[in-house]
Amino acid sequence: MVLTGGTHGIGLAAGKALAGRGAQLTIVARDPSRGAQAAKEIKAAAAEAGVEGPVVDVAVADLLSQASVLALAAELAERPGRIDVLINNAGAVFAQRRLTDDGVETTWALNHLAPFLLTNLLLERLKRQPPARIITTTSDAHKRERLPFADLLAERRYKGFRRYGQTKLANICFTAELARRLAGSGVTATCFNPGLVATGFNHNNGPLAALEMRMIKPFSRTPEQGAETLVWLADAPEAADGSGKYFFDCKPVAPNAEAQDPAIWKRLWEVSERQTGLAAPPAPAF
């Protein structure tokens, strides 16, 4: 299994639970020291569950950089063994608008384009030895949003949580179109809403944001509770029947209307191919 965002929060909780069930994990970390610490905790959880041997290793990548995602995919493709589960869990909200070195708005780059690119780069590896699963973490924050096709760089009245919701809507549409394209391949694609979870989410946006998150902590789920659906989607036999669906508490639920529109899925896919360089260049005119 490959798990992004596995160094903290629900990703780390899921990693511990899956390793305790015998999964062999590669966690993707931006910070090598945090990756090493997470690997240590996951190994300890596996040992406590009676699982022995190497259960986790670390791949270092900055998912805000498309070049880094390309290098990550190349590294993973060269490793021995099969990739049977890819978990796109990394994500964040950014209070201030910024662009990446690729010229992409940061929230869109991390939350949508990184999983889109990594998944596409690993698809042939996933298809090689089915069955395999692709799982993407999304959010109920998508409910009131529409995809910003006319403002992909978020240049108009940027609001951090609104942009976050747009990227989570993109996760759902990406999953639906991916599942459609993978039909009959033995590879499934699902996404899920973990609910409101008490993690380090939003703590990167200054002391006021961190205070707000601490205030809602008593009303939040634990990381372990937030990870339950993720673990189920990765491990439960019956979850293989839910390709293309959006889950909450291990049950399929309906996303907003835009996320149910195949024309929107296709349009997002084509835009994302262009933004990541996966689209074939146009034929020369003669």
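Buried, in these legends, means under 20% relative accessible area, exposed means over 50%, and partly exposed falls in between (1.4 Å probe, protein chains only). This is a predicted model, where local features need pLDDT of at least 70 and side-chain atom pairs count only at pLDDT 80 or more, while totals for chains, interfaces and linings use all residues. Residues are numbered from 1 along each chain as its sequence is written, and side-chain values use heavy atoms, with hydrogens and water left out.

View 1. Helices (H or I, at least four residues) and strands (E, at least two) are DSSP runs, numbered from the N terminus. Of the 286 residues, 52% count as buried. Take the contacts (heavy atoms within 4.5 Å) between residues at least 6 apart in sequence: 76% of them join residues at least 24 apart.

**View 2. Phe161 meets Tyr164 edge-to-face.** Five aromatic pairs turn up in the structure. In this one the ring centres lie 6.4 Å apart with the planes at 75°, so it counts as edge-to-face. For Phe, Tyr and Trp (its six-membered ring), pairing takes centres within 6.5 Å; planes under 30 degrees apart are stacked, over 60 edge-to-face, and the rest tilted. Phe161 and Tyr164 sit three residues apart in helix α5 (residues 160-182), so about one helical turn separates them. Tyr164 is buried at 11% relative accessible area, whereas Phe161 is partly exposed at 47%.

**View 3. A cluster of Phe116, Phe174 and Trp269.** Ring pairs are what link these three residues.

**View 4. Arg267 over the ring of Phe149.** The charged end of Arg267 is 4.1 Å from the ring centre; the cut-offs are NZ of Lys or CZ of Arg within 6 Å of the centre and within 35 degrees of the ring normal.
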